[in-house]
Amino acid sequence: MSTTASDPLAALGSLPGVADAVDSVRKAVDRVYGHRVMRRRSNEVTAEAALRGSRGSAALAGADWNLEEVRRRTDFSGEDEARMVGAALRLTAEAGQLLSIWRQSPLRVLARLHLVAAGGATPDDAVVGRPRLAGESVDEPLIEAPVPGAGEVAGRLEGLSRLIMAGGSAPALVTAAVVHGELLALRPFGSHNGLVARTAERIVLIGSGLDPKSICPAEVGHAEQGRAAYVAAFEGYTAGTPEGMAAWITHCGRSVELGVRESTAVCEALQRGAA
């Protein structure tokens, strides 16, 4: 796949293994969208995918709850894990409301996602809903890579924003993986960066048209592959080598496929009348 200066993500599609991952994801998504249950009960599949995706994202953030506990629970205040699960649920619900804004103002969307994740904080809270400033700390225990300074964060966020607004010919999987990886690398907010990064990945996959009904929760696949595999793949992204970037993109692709498998099982259960 060729690239130009105005479409720098496109070159990533030609990295070894990436084109195969893109093709495999596309075929998997097409199969689940073709399931007969999707003709009449797609809203139920979307709702279940949202719940399972939220649970998966929270699990990666350290709140690895049983799905039925997430389904049953109504109060997500109190202990840290409950607040983390609540934040993941709120972000998933918010993602669909921000699709129309994403391509015009991605930084505004990211700020909104952080505000939603923070929950009880108000817009006046100095550290909520905006990128961190010099000297402000970051709470992101899963990612141990060096934290970029506030100046670098601002510059790279602006660059990422320009890429998103410009669009381009890069496959949705590639764009989603880069958005996810860049936000993890930058950790632009004082907290909840992993949750925000995975929600942004979801927004790209939905908004691109790859998964318009949001039934292929990559968060499920990220959690299923495990925190160690997630961190190892992310280290490939931060290394910036062709091999590392390809490993991260293919990891994200596998996560989407595992999300497809989860929703396919939901479709089968609905078809049997057992969901």
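## Helix α7: two sides

On one side of α7, Gly151 and Ala166 are exposed (over 50% relative accessible area; buried is under 20%, partly exposed in between, with a 1.4 Å probe and protein chains only). The buried residues of α7 are Ala150, Val153, Leu157, Leu160, Ser161 and Ile164. They fall within an arc of 105° seen down the axis, so they line one face of the helix. That arc is taken from the directions from the helix axis to the C-beta atoms. An α-helix has 3.6 residues a turn, so residues three or four places apart point the same way.

The model is predicted: local features need pLDDT of at least 70, side-chain atom pairs count only at pLDDT 80 or more, and totals for chains, interfaces and linings use all residues. Residues are numbered from 1 along each chain as its sequence is written, and side-chain values use heavy atoms, without hydrogens and water.

Helices here are DSSP runs (H or I, at least four residues), numbered from the N terminus.

The buried residues of α7 pack against α5 (99-102), α6 (106-118) and α8 (172-186). Contact means heavy atoms within 4.5 Å. Gly167 follows α7, with a positive phi near 70°.

## Helices α2 and α9

Helix α2 (residues 38-60) and helix α9 (residues 193-207) pack at an angle of about 145°, with their axes 10 Å apart. The axes are lines fitted to C-alpha atoms over the stretch in contact, and angles run from 0 to 180 degrees between N-to-C directions. On the α2 side, Ala49, Ala50, Gly53, Ser57, Ala58 and Leu60 take part. They meet Leu195, Arg198 and Arg202 in α9.

Asn193 lies in α9. It counts as buried, at 1% relative accessibility. Leaving out residues up to four places away in sequence, Asn193 touches Val138, Glu140, Arg187 and Pro188.

Tyr33 lies in helix α1 (residues 18-33). Tyr33 is partly exposed, with a relative accessible area of 23%. Its contacts, not counting residues up to four places away in sequence, include Met38, Leu210 and Cys216. Tyr33 and Arg261 are 228 residues apart along the chain, yet their C-alpha atoms are separated by 12 Å.
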